[in-house]
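Here's a walk through one protein model, going residue by residue and then out to the ligand and the helix packing. Have the viewer open while you read.

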Amino acid sequence: MALCERVRRLNLAICHRCYRTSFIFNQRKLSDHVSSKPKASVGAESSIDHPIYTHEHFALKASLNKIIEQEINPFVDKWEEEGKFPAHKIFKILGSAGFLGVNKPTEYGGLGLDFSYSVAVSEELGNIRCGGVPMAIGVQTDMATPALARFGTPELKKEFLLPSITGDKVACLGVSEVGAGSDVASIKTKAVRKGDELVINGGKMWTTNGTQADWMCLLANTSDGPPHRNKSLICLPMNLPGIHIARKIDKMGMWSSDTAEVFFDDVQVPCQNIIGQEGMGFTYQMLQFQEERLWGVANILTMMELVVQETIQYTKQRKIFNQPVLHHQAVHFRLAELATEVELLRSLLYRATALYIKGNDVTKLASMAKLKAGRLARELGDSCLQFWGGMGFTSDVLVSRFYRDSRLMSIGAGADEVMLSIICKYMDTLPRK
Ligand SMILES: Cc1cc2nc3c(=O)[nH]c(=O)nc-3n(C[C@H](O)[C@H](O)[C@H](O)COP(=O)(O)OP(=O)(O)OC[C@H]3O[C@@H](n4cnc5c(N)ncnc54)[C@H](O)[C@@H]3O)c2cc1C
């Protein structure tokens, strides 16, 4: 499709959705949401010579920034304190404006754009002043739904994908279990055929959005075959008899995101709820992980940039030994070094994304980017927090929230060591068993 036609379609889509959104927001004016002058956000730059973003990407980011500043950021501190955010309310706002399905098919309410738009959205969501809310949104858009969009039947997509894109249903992803996180192949949850139904027994751990979700993209063993070919992804409504939310897990970070432990006790679901081919769940999940990892990298890049910027502002006005903290060479050199690393990571992300949207396998690059993002976030959070002194140790500042929240990057969606193993596999240096 010609570029100008795509711009026209995107603008129409954004305007149309913002119009609908304006009704939901107590008749707020359309111009509030599509103003051409968004509040400056970190990462705001122009499309001229940008390696992967066009004018359309920037238009999308600008519209999203409006929603973040009006509907999310003013409430983040409260949600962090409460240990939960209102997922249905926020997803409805984002869904009505088109942000929950930018790369999903138009037949199901998506904008039908490529994955680079998801990366742009994720980058912009990094301007939310906590990690928990963007992570919950990412689960909905790029972790629980890619396999369904790609391999699901029209009936399944109508029932689960469409309302997830419009923000009427909250999704969660059930892969990890008490006994299996890094080693996905060893999950124990079973879905056994009984006539036209699957009977599910087992449990899931660390389920983001788990206490609020309407459906789960569940990975379960559907046969006794070899561990890479006995699993299926299943759309599981969360209101079925036999589903128990055992507890909301108390965590060191990501406070505004609810994380649940869930049990299944003879839960019955139609066999048609299997996504794609039975037995292909492991493979689909591995594919789904690529988008999840690139999404995570894009999101944390903006947060890292924000933390560096706020550290510059703070150390500029805070004086020690008769000069600003920032004027000490150890401080401004370190911040320059960290900013350089952030830019290096950004280049890797854009390269992997550019290759991915052309249909290449970017498993190695996505794993490298995820590994580097986790390590850099830890370094950056630690160094910046140090420059804030005692203030950095309080709960009131972004840097301490980032320090807590970003620790997950080296653990969730495949720990650093899992990324290293994947990279080694692609380098052909992993000893064969
Ligand atoms: C806040 C939060 C939200 C989450 N959300 C979800 C969700 O929505 N859905 C979902 O399915 N899961 C979710 N997870 C789970 C997450 O993906 C897992 O925690 C992660 O995959 C690690 O698994 P594990 O915790 O079982 O650690 P384990 O598998 O027990 O691993 C422990 C440690 O072993 C080390 N290790 C792993 N592999 C190797 C290796 N090959 N060589 C050497 N060392 C190794 C690593 O250091 C790793 O951290 C979430 C987790 C958290 C904390």
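Let's start with Ser-164, which is buried because 29 other C-beta atoms sit within 10 Å. (Buried means 20 or more other C-beta atoms within 10 Å of a residue's own, exposed means 12 or fewer, and partly exposed is anything in between, with C-beta atoms placed from the backbone.) Before going on, note that this is a predicted model, where local features need pLDDT of at least 70, side-chain atom pairs count only at pLDDT 80 or more, and totals for chains, interfaces and linings use all residues. Residue numbers run from 1 along each chain as its sequence is written.

Ser-164 belongs to helix H9 (residues 154–166). Helices (H or I, at least four residues) and strands (E, at least two) are DSSP runs, numbered from the N terminus. Leaving out residues up to four places away in sequence, Ser-164 touches Leu-100, Gln-140, Thr-145, Lys-169 and Ala-171; a contact here means two C-beta atoms, placed from the backbone, within 7 Å.

Cys-172 is in strand E1, and with 29 C-beta neighbours inside 10 Å it counts as buried. Its contacts, not counting residues up to four places away in sequence, are Val-139, Ala-144, Thr-207, Thr-208, Asn-209, Gly-210, Ala-213 and Met-216.

| Pair | Separation along the chain | C-alpha distance |
|---|---|---|
| Ser-164 and Ala-144 | 20 residues | 9.7 Å |
| Cys-172 and Ala-213 | 41 residues | 5.9 Å |
| Ile-411 and Gly-374 | 37 residues | 8.1 Å |
| Glu-81 and Trp-255 | 174 residues | 7.4 Å |

Ile-411 sits in the loop between helix H13 (398–405) and H14, and it counts as partly exposed because it has 15 C-beta neighbours inside 10 Å. Glu-81 is part of helix H4 (residues 76–82), and its 11 C-beta neighbours inside 10 Å make it exposed.

Now for the ligand. Which residues come nearest to it? Of the 23 residues around the ligand, those are Val-175, Gly-181, Ser-182, Trp-206 and Thr-208, where near means a C-beta atom, placed from the backbone, within 6 Å of the molecule. Strand E1 (171–174), strand E3 (197–208) and helix H14 (416–427) are the elements that give two or more residues to this shell. Sorted by class, the shell holds eleven nonpolar, ten polar and two charged residues. In that scheme Ala, Val, Leu, Ile, Met, Phe, Trp, Tyr, Cys and Pro are nonpolar, Asp, Glu, Lys and Arg are charged, and the others, Gly among them, are polar.

Why does the ligand lie between two domains? Domain 2 (172–279) and domain 3 (282–427) both give residues to the shell, so the ligand lies between them; the domain bounds come from an automatic or database domain assignment.

Asp-266 is in strand E7 (residues 259–270), and with 11 C-beta neighbours inside 10 Å it counts as exposed.

On to helix packing. The axes of helix H3 (residues 55–72) and helix H6 (residues 115–125) come within 9 Å and cross at roughly 35 degrees. Axes are lines fitted to C-alpha atoms, for helices over the stretch in contact, and angles run from 0 to 180 degrees between N-to-C directions. His-57, Leu-60, Lys-61, Leu-64 and Asn-65 of H3 make the contact with Ser-116, Tyr-117, Ala-120, Val-121 and Glu-124 of H6. Those contact residues divide into five nonpolar, three polar and two charged.

H13 is mostly covered, with six of its eight residues buried: Leu-398, Val-399, Arg-401, Phe-402, Tyr-403 and Asp-405. Their cover includes helix H7 (132–143), helix H10 (281–317) and helix H12 (363–387).

Zooming out, the protein has 14 helices and nine strands, and 47% of its 433 residues are buried.
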